[in-house]
Amino acid sequence: MSQRESDSVGSNPRFVVRKFLARPQHEGDGAIVRRTIGRLDLKYFDPFLLLDEFSVTSPAGFLDHPHRGFETVTYMLQGAVTHEDFEGHKGTIKAGDLQWMTAGKGIVHSEMPASQGTQKGLQLWINLSSKNKMIDPKYQELQSKDVARVAKDGVEVRIIAGEAMGSQSPVYTRTPTMYLDFTLKPGAHLQQPISPTWNAFVYVLEGEGVFGSQRAAAATAHHLLVLGPGYRLDAWNNSSKPLRFILVGGEPLNEPVVQFGPFVMNTQEEIDQTIEDYDCCMNGFEKAKHWRSQAMADLKF
């Protein structure tokens, strides 16, 4: 970082410009989600399409469903989820694990509870640029032990994507993205640089914290905070309990967005073609014609 950039970081913190409370709603097959990005009053926050904090208990889950045109990032907080798709990819992600799935031109998959009790996690949808929407599907998966972790002065960070406190995630982000999981001990203060051209938000998981300015009101669990322009995030934990939140930022694509459920393209014509491709099992969806997940096969009708 240059001296000029360093000086700018010191004088231009990001302030909270909008605040949303994520209320529980039903989604999938009996799952409960708390949605912030992707609802009517925050439909799109370029390049982010959706943020869900999900809670699912067997036999509920997310049975076979398609995606095209973006990436899904699943980060487990509690329990475990088994993922299975029509390409033959299958695996289980447990608490602290990460799956970064590039749907590209097409994926059909299921996401179902893999253990007893309630499984909890976050799912973030990140838009892809027009040049990347029809690339081949790909996965990047990290077990909890392989996620970079740094702790200093009462602040601990798990680096899902991007860089913090001198460490970097190995995840490759086609749409440049940072995704950081912070825990602040009581009395701790954080200053985290953010690219000034990126959009960024905070989502509070546990505890309560003050963000942007010490004069700001404290934000509690299940609140999403949209950050305004600037070069860094300031956060304080003035409470007697730990504060945990994610900080997510991304480079805006500045492209048209046309969404139809799990399909996200740039024009209505592309959406119409996607629906036809899925219905006719072609142009990336060929294997959907005869594939059913094991979870679907186990259902008795």
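**Figure 1. The lining of the largest pocket.** Ala, Val, Leu, Ile, Met, Phe, Trp, Tyr, Cys and Pro count as nonpolar, Asp, Glu, Lys and Arg as charged, and the others, Gly among them, as polar. By these classes, the largest pocket is lined by 14 nonpolar, 12 polar and 6 charged residues. The model is predicted: local features need pLDDT of at least 70, side-chain atom pairs count only at pLDDT 80 or more, and totals for chains, interfaces and linings use all residues. Residues are numbered from 1 along each chain as its sequence is written, and side-chain values use heavy atoms, with hydrogens and water left out.

The volume of the largest pocket is about 520 Å³. Its lining holds 32 residues, and Glu27, Arg35, Phe62, Gln123 and Trp125 are the closest to the centre. Six elements are named here: β3 (31-35), β4 (48-57), β5 (62-67), β7 (80-85), β10 (107-113) and β11 (118-127) each give two or more residues to the lining.

How is a pocket found? Rolling a probe the size of a water molecule over the atoms shows where empty space is left. The search uses a 1 Å grid over the protein atoms alone and a 1.4 Å probe; a pocket is an open set of points with protein on both sides within 12 Å along at least five of seven lines, and lining residues have an atom within 4 Å of a point. Grid points are joined across faces, edges and corners, and the volume is the space filled by probe spheres set on the points.

**Figure 2. An open sheet of 7 strands.** Strands are DSSP runs of E with at least two residues, numbered from the N terminus. Two strands pair if DSSP finds at least two bridges between them. The order in this sheet is β1-β22-β19-β24-β17-β14-β13, and the pairing is antiparallel. Which strands stand at the edges? They are β1 (16-21) and β13 (148-152); each has a single partner strand, so one side of each is left without a neighbour in the sheet. On average, neighbouring strands of this sheet are turned by 20° against each other, direction ignored. The axes behind this angle are lines fitted to C-alpha atoms.

**Figure 3. The hairpin of β13 and β14.** These antiparallel strands are joined by 5 bridges, and β14 covers residues 155-161. Look for valine 150: its opposite number in β14 is valine 157. The hairpin has 2 residues between the strands, and aspartate 153 takes a positive phi near 50°. In a regular strand the side chains alternate between the two faces of the sheet.

**Figure 4. An open sheet of 4 strands.** The order is β18-β23-β20-β21, again with antiparallel pairing. β18 (189-193) and β21 (219-220) are the edge strands, each with a single partner, so one side of each has no neighbour in the sheet. Between β20 and β21 there are 2 bridges. One links glycine 209 to alanine 219 in β21.

**Figure 5. Aromatic rings in pairs.** Rings of Phe, Tyr and Trp (its six-membered ring) pair if their centres lie within 6.5 Å; planes under 30 degrees apart count as stacked, over 60 as edge-to-face and the rest as tilted. The count comes to 10 aromatic pairs. Take phenylalanine 211 and phenylalanine 245: their ring centres are 5.0 Å apart and their planes stand at 90°, so this pair is edge-to-face. Phenylalanine 211 sits in β20 (residues 208-211) and phenylalanine 245 in β24 (residues 243-250), 34 residues apart, so the pair links distant parts of the chain. Both phenylalanine 211 and phenylalanine 245 are buried. Buried means under 20% relative accessible area, exposed over 50%, and partly exposed in between (1.4 Å probe, protein chains only). Elsewhere, ring pairs link Phe45, Phe48 and Phe201 into a cluster.

**Figure 6. Backbone details in the loops.** Aspartate 46 and proline 47 are joined by a cis peptide bond, with omega about 10°. Proline 47 lies in the loop between β3 and β4. Proline 59 is in the loop between β4 and β5.Methionine 165, a residue other than glycine, has a positive phi near 50°. Methionine 165 lies in the loop between β15 (163-164) and β16 (167-168) and is partly exposed, at 32% relative accessible area. Asparagine 254 also has a positive phi, near 55°. This asparagine 254 lies in the loop between β24 and β25 (258-260) and counts as exposed, at 67% relative accessibility.

**Figure 7. Threonine 72 and isoleucine 126.** Threonine 72 belongs to strand β6 (residues 70-78). Is threonine 72 buried or exposed? Threonine 72 is buried, at 1% relative accessibility. Threonine 72 and isoleucine 126 are 54 residues apart in sequence, and their C-alpha atoms are 6.4 Å apart in space.

How values were computed: Axes fitted to C-alpha atoms, helices over the stretch in contact; angles between N-to-C directions.
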